[in-house]
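Visitor: I'd like a quick walk through this model before I look at it on my own. Could you take my questions as they come?

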Amino acid sequence: MQFFSGSAPPGRGAGGPGNNAHMHMLYIFNRAGVCLLYREWNRPLRTLDPQQDHKLMFGLLFSLRSFTAKIDPTTAEKGNLGVPLLPGQGCSFYSFKTNTYQLNFMETPSGIKLILLTHSRTGDQKESLKYIYNLYVEYVVKNPLYVPGTPIQCDLFTKNLDQYVRTLI
Amino acid sequence: MYVWHFHCLFICCFNMLLVNLNWKDYGSAGRMDTNDSLRLASLWHSMHAISQQLSPTTGCNGIDLLRADTFDLHCFQSLTGTKFFVICEPSAPYMELLLKVIYELYTDYVLKNPFYEMEMPIRCELFDLNLSQVVQKDRVALLAR
């Protein structure tokens with residue numbers, strides 16, 4: 001795509017259609033905690049209903065950010081735990097890994113949080129998240145019919161997102 | 001002689017009931033007082049549990065590794081729910097091995113100590129001594145285990 005800064009990160013080869021064994025889910029939240037987008041490609045287990053799930057995810061990220069800012073061993077003075085942090089403030093985590101999945105996180109200066117859950121052994125996903133953010137900017141933010149702060153319903157965006165994710169497996 | 005590459009290292013162990021917290025600081029900027037460390041430990045405990053709930057597949061055991069801009073956090077959970085976590089430089093090697101060694105030290109010098117009361121802070125000299133030894137030892141010795 002010529003209007004994106006930089007080229008797409010190389011995919012892992014042509015994966016079969018529908019074989020998204022490596023990418024599980026994607027969440028996009030805005031600053032206020034509204035879930036703008038939730039896409040799932042491979043999720044065998046659903047423990048909560050969607051509303052609770054989004055709230056739990058947002059809450060987890062919020063607490064994890066305060067935790068990492070406070071526990072950071074390289075800065076001498078840190079704020080108090082529980083104070084809401086601005087997007088660039090303090091040390092932020094970018095990924096965590098469990099035995100079943102890996103959560104990759106990116107927060108933009110405008111407060112948009114992108115969360116990508118992948119298979120446990122995938123590598124660093126910073127470039128993929130940046131590319132997805134570029135997709136968001138091109139197809140959602142520049143869309144005159146889109147109202148900021150509401151869930152995303154742009155077909156072009158979801159289509160390109162699915163296409164891109166398929167190249168990542 | 002290989003020098004262990006971390007500029008700061010915290011080691012913390014706490015169990016499910018969060019009564020017992022042992023926090024060891026091996027060089028970091030800024031002090032952490034007891035209240036703060038307790039708050040952080042309880043926060044970690046809850047987030048570990050929440051991460052299990054959000055798993056897209058079954059059989060999740062919680063966060064093993066948290067990567068941030070300036071540090072990495074490795075966590076080890078024993079079968080009884082006691083969690084050990086270590087904070088180190090980004091991509092420091094052999095941290096999981098270190099955690100297992102610390103767990104061995106914990107079972108040997110703390111749990112087998114007849115004067116140690118369960119759920120109380122750890123005040124065992126031998127544990128502290130061996131812990132500092134393990135942390136300062138070079139990589140070769142750890143590999144040999």
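**A two-chain tour**

Guide: Let's start with chain B of this predicted model: it has 145 residues, and buried ones make up 50% of them.

Visitor: What pattern does chain B follow along the sequence?
Guide: Chain B has four helices and five strands. Among its contacts with a separation of 6 or more, 48% join residues 24 or more positions apart. Read along the sequence, the pattern is β-β-α-β-β-β-α-α-α.

Visitor: Which element of chain B has the lowest mean pLDDT?
Guide: The chain averages a pLDDT of 77, with 73% of the residues scoring at least 70. Strand β3 (residues 63–68) of chain B has the highest mean among the elements, 92. The lowest, at 54, belongs to helix α4 (residues 139–143) of chain B.

Visitor: And over residues 1–8 of chain B, how many contacts does the model have beyond near neighbours in sequence?
Guide: The pLDDT is below 50 over that stretch of chain B. Where pLDDT is low, the predicted coordinates should not be read in detail. With that caution, the count for residues 1–8 of chain B is 25 contacts.

Visitor: What is the mean pLDDT of chain A?
Guide: In chain A, 85% of the residues reach 70 or more. Still, the pLDDT is below 50 over residues 1–8 of chain A, a stretch with 12 contacts beyond near neighbours in sequence. Residues 10–19 of chain A are also below 50, with 13 such contacts. The mean for chain A is 83.

Visitor: Now the pairing. How much area do chain B and chain A bury between them?
Guide: The predictor gives the complex an ipTM of 0.81 and a pTM of 0.82. In the model, 38 residues of chain B are in contact with 38 residues of chain A. Of the buried area, 68% is on carbon and sulfur atoms, and the total is about 3,400 Å².

Visitor: Which residues in chain B lose the most area to chain A?
Guide: Three residues stand out here, together giving 23% of what that side buries. They are L54(B), P56(B) and R67(B).

Visitor: Is F96(A) buried or exposed?
Guide: F96(A) sits in strand β3 (residues 93–98) of chain A. Leaving aside neighbours within four places in sequence, F96(A) is in contact with residues including L60(A), L64(A), S51(B) and I63(B). Its relative accessible area is 0%, and the cut-off is under 20%, so F96(A) counts as buried.

Visitor: L129(A) makes me curious about helix α2 of chain A. Why do the buried residues of α2(A) line one face?
Guide: The helix covers residues 126–141 and reaches 21 Å from its first C-alpha to its last, close to the 22 Å expected. Its buried residues include L129(A), I132(A), L135(A), Y136(A) and Y139(A). An α-helix has 3.6 residues a turn, so residues three or four places apart point the same way. Seen down the axis of α2(A), the buried residues line one face because they fall within an arc of 160 degrees.

Visitor: What covers those buried residues of α2(A)?
Guide: The cover includes four strands of chain A, namely β1 (23–29), β2 (35–40), β4 (101–107) and β5 (113–119). It also includes a helix of chain A, α3 (155–168).

Visitor: Last one: is S91(B) buried or exposed?
Guide: S91(B) is found in the loop between β5 (83–88) and α2 (95–111) of chain B, and its phi is positive, near 50 degrees. Y94(B), found in the loop between β5 and α2 of chain B, has a positive phi too, about 65 degrees. Y94(B) is partly exposed at 29% relative accessible area. For S91(B) the value is 65%, and the cut-off is over 50%, so S91(B) is exposed.

Technical notes: Residues numbered from 1 in each chain as written. Chains lettered and ligands numbered in written order. Predicted model: local features only at pLDDT ≥ 70, side-chain atom pairs only at ≥ 80, totals over all residues. Heavy atoms only, no water. Helix = DSSP H or I, 4+ residues; strand = E, 2+ residues; numbered from the N terminus. Expected span 1.5 Å × (residues − 1). Buried < 20%, exposed > 50% of the residue type's maximum accessible area, 1.4 Å probe, protein only. Arc of directions from axis to C-beta. Contact = heavy atoms within 4.5 Å. pLDDT = per-residue confidence, 0-100. Buried area = accessible area lost by both parts, 1.4 Å probe.
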